[in-house]
Amino acid sequence: MRFAFETAAKRPRKLLTVVTKSNAQRNGMVLWDEVATEVGKEFPEVQVDKMLVDAMTTRMVLKPETLDTIVATALAGSIGIAPTSNLDPTRQHPSMFEPIHGSAFDITGKGIANPVATFWTAAEMLAWLGEETAAQKLMECVENVCERGILTADLGGKATTKEVTEAMVGEIQRL
């Protein structure tokens, strides 16, 4: 975070966009926001702009001129491949695992949703539950299917949601 502020301070516009997901990830990303606020106090010359990651990818395409320096934990090439884990490190309360893309009602029933994030999220859940071998095998399946070019349109492919899912199921059975 400090590096991001230092970088923004050196640039002519002195604008830093902090990308977050604290509206849904109430542990790690809230801390991320708090660290941004604290470090920002050391850089009063830097204008800070906070964005939710969901909107940020769209803003990067539609309004790139509004951006200068960006700090984010991750920006995937497609929201359809991004997993999330909202973990309670104490394990006193349930943790939540879901693809970052949410429900995507705008594409429901069109067969174009990318299911990779669902499988990747499941791998993260397996690892959290102590099933490291299963998590690694599931990720290997994801990688194998993607390497074979079985991709939805958001990744430049022609496969439907069902076709990618069927390829994943076949790969899981094969391994």
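Here are some notes on a helix pair and a few salt bridges in this predicted model.

1. Ground rules. Residues are numbered from 1 along each chain as its sequence is written, and side-chain values use heavy atoms, with hydrogens and water left out. Because the model is predicted, local features need pLDDT of at least 70 and side-chain atom pairs count only at pLDDT 80 or more, while totals for chains, interfaces and linings use all residues.

2. How H5 and H6 pack. Helix H5 covers residues 132-147 and helix H6 covers residues 161-174; their axes sit 9 Å apart at an angle of about 125 degrees. That makes H5 oblique to H6 (under 35 degrees is roughly parallel, over 145 roughly antiparallel, 65 to 115 roughly perpendicular, and the rest oblique). Axes here are lines fitted to C-alpha atoms, for helices over the stretch in contact, with angles from 0 to 180 degrees between N-to-C directions. Helices are DSSP runs (H or I, at least four residues), as are strands (E, at least two), numbered from the N terminus.

3. Who touches whom. On the H5 side we have Leu138, Cys141, Val142, Asn144 and Val145; they meet Ala167, Met168, Glu171, Ile172 and Arg174 in H6 (contact means heavy atoms within 4.5 Å). Sorted by class, the H5 contact with H6 has seven nonpolar, one polar and two charged residues.

4. The model has seven salt bridges, each a side-chain nitrogen of Lys or Arg within 4 Å of a carboxyl oxygen of Asp or Glu. One of them pairs Glu171 with Arg174 at 2.7 Å, N to O. These two are three residues apart in helix H6, so about one helical turn separates them. Glu171 is buried at 2% relative accessibility, whereas Arg174 is exposed at 56% (buried is under 20% relative accessible area, exposed over 50%, partly exposed in between, with a 1.4 Å probe and protein chains only). Shared partners join Arg148, Glu171 and Arg174 into one salt-bridge network.

5. Arg11 and Asp68 form a salt bridge at 2.8 Å, N to O. Arg11 is in the loop between helix H1 (2-10) and strand S1 (15-20), and Asp68 in the loop between helix H3 (53-62) and strand S3 (69-71), so the pair ties together parts 57 residues apart in sequence. Arg11 is partly exposed, at 35% relative accessibility.

6. Glu38 and Lys41. This salt bridge has its closest N and O atoms 3.0 Å apart. Glu38 is partly exposed at 47% relative accessibility, and Lys41 is exposed, with a relative accessible area of 58%.

Key. Ala, Val, Leu, Ile, Met, Phe, Trp, Tyr, Cys and Pro count as nonpolar, Asp, Glu, Lys and Arg as charged, and the others, Gly among them, as polar.
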